[in-house]
Amino acid sequence: MSLLGFPSFNTVQELAALIHIDKRRLSTLTQVPERFYYRYRIPKRHRGWREIQSPSKELKAVQAWILRNILDKLSSSPYATAYVKGRRLLDNVGPHMNNRYFLAVDIQDFFPSVNSLFIRKLFERIGYSKQAANILCRLCCYFARLPQGAVTSPALSNLICLRLDRRLAGLASRRNIVFTRYADDITFSTNNRNALPRLLPSVYRILRDMGFEPNQEKTRLLGPRTRCVITGLVKNSKDPTFGIGRKKKVAMRSIMHNFLARGIVNADYPNEASIEGWISFAKNVDPAAHEQMLRYWTSQKTKYPPIGDLFQ
């Protein structure tokens, strides 16, 4: 199979010459990659912890080379909206705007569910020899799984899910149902209230057939009488568009006021930079709410200037 457009190599020594790294050092990274990760935990949004496997600077640089020179040249499915250049969170909910009924399905332990066999086969399908594919696979894996913190993991997850996306899209299109996937968050929507409950068993079957386990606790059927939250964005039953939602805006106003007026720090937004970062995020997903929140934040800063500003 041709490697047209991709860097060609068969051995660690040849790859080291391409990356401009010492061949003995690259050999060590390839043989025992697990030694070059730092593990730590972060709290999940609702409960529990997520373990992050962060590669060393040296391994991260090698993975960045693989990302730029190989993975970025491959295309994800049109249904994948996370980790794709030029696609935003709004692209995930946009196709669903005119529908009233939603099915949200979450994949349990998404990255760790992708094992080294899938990754090695992906590199072989591109045209790499078994030896070269195994080298690339080991540089991108942590104990034969996709690590949560590697720079190559997001792109690899989308490429591995190409067939999953096609199967779910085919299942949905035959029933006039809209489908998108944002990493481990899968969304279906329709205006037929009975279609989604009937679809669910087939979705579970396809996920398990592809090596994934649905998180049944997070599976949600949503309709006009429920608060529809899809990948963190809210849809009002009277408005076809998705946004950050009234509840979040009220909460953020309270956080802003408490931070400036009372010196009370929120764990999720502990400083000005984090609050202003959220305001910038709102600009991309809900421009109208962004303008409201920016005006409120500016007015609060004028009324209650940060302590550091008083000495400038």
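A salt bridge here is a side-chain nitrogen of Lys or Arg within 4 Å of a carboxyl oxygen of Asp or Glu. The model is predicted.

Glu 276 and Lys 301 form a salt bridge, with their closest N and O atoms 3.3 Å apart. Glu 276 sits in helix H12, residues 272-285, and Lys 301 in helix H13, residues 287-303, so this pair ties together parts that are 25 residues apart in sequence. Glu 276 is partly exposed, at 32% relative accessible area. Lys 301 is partly exposed too, at 25%. There is also a network here. Salt bridges with shared partners join Glu 272, Glu 276 and Lys 301.

The side chains of Arg 39 and Glu 51 meet in a salt bridge, at 4.0 Å from N to O. Arg 39 belongs to strand S1, residues 37-43, and Glu 51 to strand S2, residues 49-55, so the pair links parts that are 12 residues apart in sequence. Glu 51 is partly exposed, with a relative accessible area of 33%.

Next pair. Arg 208 forms a salt bridge with Glu 213. How far apart are their closest N and O atoms? The answer is 3.0 Å. Arg 208 is partly exposed, at 39% relative accessible area. Glu 213 counts as partly exposed as well, at 34%.

And the total? How many salt bridges does a search of the whole structure find? It finds 9. Among them are Arg 39 with Glu 51, Arg 208 with Glu 213, and Glu 276 with Lys 301.

Methods: Residues numbered from 1 in each chain as written. Predicted model: local features only at pLDDT ≥ 70, side-chain atom pairs only at ≥ 80, totals over all residues. Heavy atoms only, no water. Helix = DSSP H or I, 4+ residues; strand = E, 2+ residues; numbered from the N terminus. Buried < 20%, exposed > 50% of the residue type's maximum accessible area, 1.4 Å probe, protein only.
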